[in-house]
Amino acid sequence: MSLAEYATTTTPIGPFTTVVDAEGAVLASGWTADAEGLRLLIHPILRPTALRQRDSLGSVTRAIETYHAGDVLAIDDITVRQLSGPFLVHAWEVLRKIPAGSPVTYTTYAERSGRPEAVRAAANACARNAAALFVPCHRVFRTDGSLGGFRWGLPVKRWLLDHEGSYAP
């Protein structure tokens with residue numbers, strides 16, 4: 001039986017829950033209080049069989065609080081562990097390199113991921129991302145400028161983009 005820990009943090013846009021492994025790497029996260037729902041988003045090879053609630057996850061919780069308070073770079077050094085095929089793993093790494101305050105279109109994201117013709121695959125990488133915020137899929141929008149989809153709702157995505165938009169790199 002593998003055990004992971006989770007904590008829920010109050011944010012301006014609702015509860016934010018993070019699931020971490022024994023080393024403290026983020027396995028899943030999002031604007032929800034449903035830790036079990038997050039557990040199910042984790043790739044089966046990494047998925048813990050049990051969860052233990054904590055009041056805080058130390059540096060991970062501090063990064064969440066600091067990010068929402070205005071330091072949009074606070075999430076950048078948090079370790080994330082996700083597993084899938086080579087393209088998705090690479091695409092998630094590329095997402096982590098999209099700077100706060102500089103969102104891109106799915107077309108640009110596909111190009112940066114090394115497969116310019118694979119716009120749908122790039123969108124799929126965003127949809128399958130279990131570690132929201134830390135792997136900032138909210139920084140990708142449709143080519144026509146609309147927000148597109150977001151697991152945690154378009155009002156949350158809009159808030160995040162506005163929040164990061166005030167950051168000047």
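Which residue in β4 stands opposite alanine 4? The residue is leucine 51, in a predicted model where local features need pLDDT of at least 70, side-chain atom pairs count only at pLDDT 80 or more, and totals for chains, interfaces and linings use all residues. Residues are numbered from 1 along each chain as its sequence is written, and side-chain values use heavy atoms, with hydrogens and water left out.

Strands of a sheet pair through backbone hydrogen bonds, either parallel or antiparallel. Here four strands form an open sheet in the order β3-β2-β1-β4, with mixed pairing (strands are DSSP runs of E with at least two residues, helices runs of H or I with at least four, both numbered from the N terminus; two strands pair if DSSP finds at least two bridges between them). Because β3 and β4 stand at the edges with a single partner strand each, one side of each is left without a neighbour in the sheet. Strand β1 runs parallel to β4, joined to it by four bridges.

| Element | Residues |
|---|---|
| β1 | residues 3-11 |
| β3 | residues 26-30 |
| β4 | residues 50-53 |

Helix α2 (residues 59-69) and helix α6 (residues 154-165) have axes that come within 10 Å and cross at roughly 75° (axes are lines fitted to C-alpha atoms, for helices over the stretch in contact, and angles run from 0 to 180 degrees between N-to-C directions). The two helices, α2 and α6, are therefore roughly perpendicular to each other, a term for angles of 65 to 115 degrees. In this contact (heavy atoms within 4.5 Å), Tyr67, His68 and Ala69 of α2 meet Trp159, Leu160, His163 and Glu164 of α6.

Methods: Angles under 35 degrees count as roughly parallel, over 145 as roughly antiparallel, 65 to 115 as roughly perpendicular and the rest as oblique.
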